[in-house]
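The sequence and structure follow.

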Amino acid sequence: MATSAKVHAVETSNVNGDWTIVVPRRGKQRRKLPTISSLEEQQQVWVPTDLESDQDRQSKLMQKMQICLKKVESSQFYHNFVEQIQNQEILDCFSRVLRSELKMETVIYGIGSIELYETPRLQLSLAILMKRKFSWIGDIEVFDPILSVTETDVLKALGCSVMSINEQGRRLATKPTLFYMPHCEAELYNNLLQANWGAEHLNHFVLFGNSFEVYQQYLEFRKSTIVDSTNYISVARKFTDEYAIRTASDEYFAAFHDSSWHFFSPQTEEHLQLFKID
């Protein structure tokens with residue numbers, strides 16, 4: 001029997017109100033309502049388009065990040081976020097992914113320009129604070145094709161590594177992995193699921209990103225043309241436990257609205273084959 005999707009609402013005075021499809025406002029000029037490209041598209045070696053780091057820009061950006069880290073850490077939003085992770089039900093989900101491993105590496109896709117916009121800085125700050133707070137969160141890798149040399153240098157100074165390959169979201173989860181992807185395109189989530197479409201791999205990672213439930217509501221309501229970019233998302237919902245994030249205030253709404261934790265639990269390969277991908 002197919003497993004039903006579970007979406008766990010969190011008691012909150014959330015300002016979300018009506019759901020919307022997530023179209024991030026980060027100044028990412030390349031962003032648009034996603035359409036999926038060829039799944040055979042090859043991963044490409046990536047280098048920043050600018051060739052030199054600007055020391056003055058780097059110093060100013062580091063200062064912005066330190067201010068943002070302190071702001072997030074002292075916020076009610078962060079307090080709620082940590083409290084939610086420490087809930088026994090969610091801790092059990094993380095433990096199931098960790099199995100016998102001590103650390104869960106973090107892969108951040110699509111962070112956007114942390115130099116130009118506060119929303120990416122808030123999102124990055126949350127990931128860094130989570131690593132500092134929880135001993136089982138391991139190293140952080142980051143990628144976005146719009147990152148500058150200045151931004152990559154600051155990311156490294158903050159303890160992150162920057163990928164040199166554009167993986168198109170297709171990292172295979174061969175060990176416990178947290179994919180941290182707030183407000184990415186549907187295509188990236190779909191690529192991630194397709195690359196890991198096996199019971200062993202799907203049980204090996206956690207996804208923090210756009211609510212799959214919201215995608216489904218949007219598709220049903222609008223009969224959207226993004227359906228080809230969400231076929232794996234739609235099927236994965238059938239064996240996903242989803243926990244909505246509390247934004248707590250308008251200040252964090254733009255960065256985290258309609259975001260959720262997603263834990264996947266297909267029981268066996270045979271169980272996974274019951275679900276048809278269109």
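In this predicted model, the axes of helix 1 and helix 4 (residues 118-133) come within 9 Å and cross at roughly 65°. Axes here are lines fitted to C-alpha atoms, for helices over the stretch in contact, and angles run from 0 to 180 degrees between N-to-C directions. Helices (H or I, at least four residues) and strands (E, at least two) are DSSP runs, numbered from the N terminus. Helix 1 and helix 4 are therefore roughly perpendicular to each other; angles under 35 degrees count as roughly parallel, over 145 as roughly antiparallel, 65 to 115 as roughly perpendicular and the rest as oblique. The crossing of helix 1 past helix 4 is right-handed, a term for the near helix being turned clockwise from the far one by less than a right angle, with anticlockwise giving left-handed.

On the helix 1 side, the residues that meet helix 4 are Lys64, Met65, Cys68, Leu69, Lys71, Val72 and Glu73. Their partners in helix 4 are Glu118, Arg121, Leu122, Leu124, Ser125, Ile128, Leu129 and Arg132. Contact means heavy atoms within 4.5 Å.

The axes of helix 1 (residues 55-73) and helix 5 (residues 149-157) also come within 9 Å, and they cross at roughly 50°. That angle makes helix 1 oblique to helix 5. This crossing, too, is right-handed. Helix 1 contributes Arg57, Gln58, Leu61, Met62 and Met65 to the contact, and helix 5 contributes Thr150, Glu151, Asp153, Val154 and Ala157.

The table sets out the two contacts by residue class. Ala, Val, Leu, Ile, Met, Phe, Trp, Tyr, Cys and Pro count as nonpolar, Asp, Glu, Lys and Arg as charged, and the others, Gly among them, as polar.

| Helix 1 with helix 4 | 8 nonpolar residues | 1 polar residue | 6 charged residues |

Buried means under 20% relative accessible area, exposed over 50%, and partly exposed in between (1.4 Å probe, protein chains only). With neighbours within four places in sequence left aside, Leu124 is in contact with Met65, Ile108, Ile111, Ile114, Leu155, Leu158 and Cys160.

In helix 5, the buried residues are Val149, Thr150, Glu151, Thr152, Val154 and Leu155. They pack against helix 1, helix 4, strand 4 (137-143) and strand 5 (160-162). Thr150 has a relative accessibility of 0%. Its contacts, apart from neighbours within four places in sequence, are Asp50, Ser53, Asp54, Arg57, Gln58 and Leu61. Thr150 and Asp50 are 100 residues apart in sequence and 8.9 Å apart in space, C-alpha to C-alpha. Just after helix 5, Gly159 takes a positive phi of about 95°.

Thr106, in strand 3 (residues 104-109), is buried at 2% relative accessibility. Outside the four places on either side in sequence, Thr106 is in contact with Ile137, Asp139, Ile140, Glu141, Leu178 and Tyr180.

Most residues other than glycine have a negative phi. Gln168 has a phi near 55° and is found in the loop between strand 6 (165-166) and strand 7 (177-181); Gln168 is buried, with a relative accessible area of 13%. His183 has a phi near 60° and lies in the loop between strand 7 and helix 6 (186-195). His183 is buried at 1% relative accessibility.

Helix 6 has 8 of its 10 residues buried, so it is largely enclosed by the rest of the structure. Those buried residues are Ala186, Glu187, Leu188, Tyr189, Asn190, Asn191, Leu192 and Leu193.

Overall, the protein has 11 helices and 10 strands, and 54% of its 278 residues count as buried. Among contacts between residues at least 6 apart in sequence, 81% join residues at least 24 apart.

Residues are numbered from 1 along each chain as its sequence is written, and side-chain values use heavy atoms, with hydrogens and water left out. As the model is predicted, local features need pLDDT of at least 70 and side-chain atom pairs count only at pLDDT 80 or more, while totals for chains, interfaces and linings use all residues.
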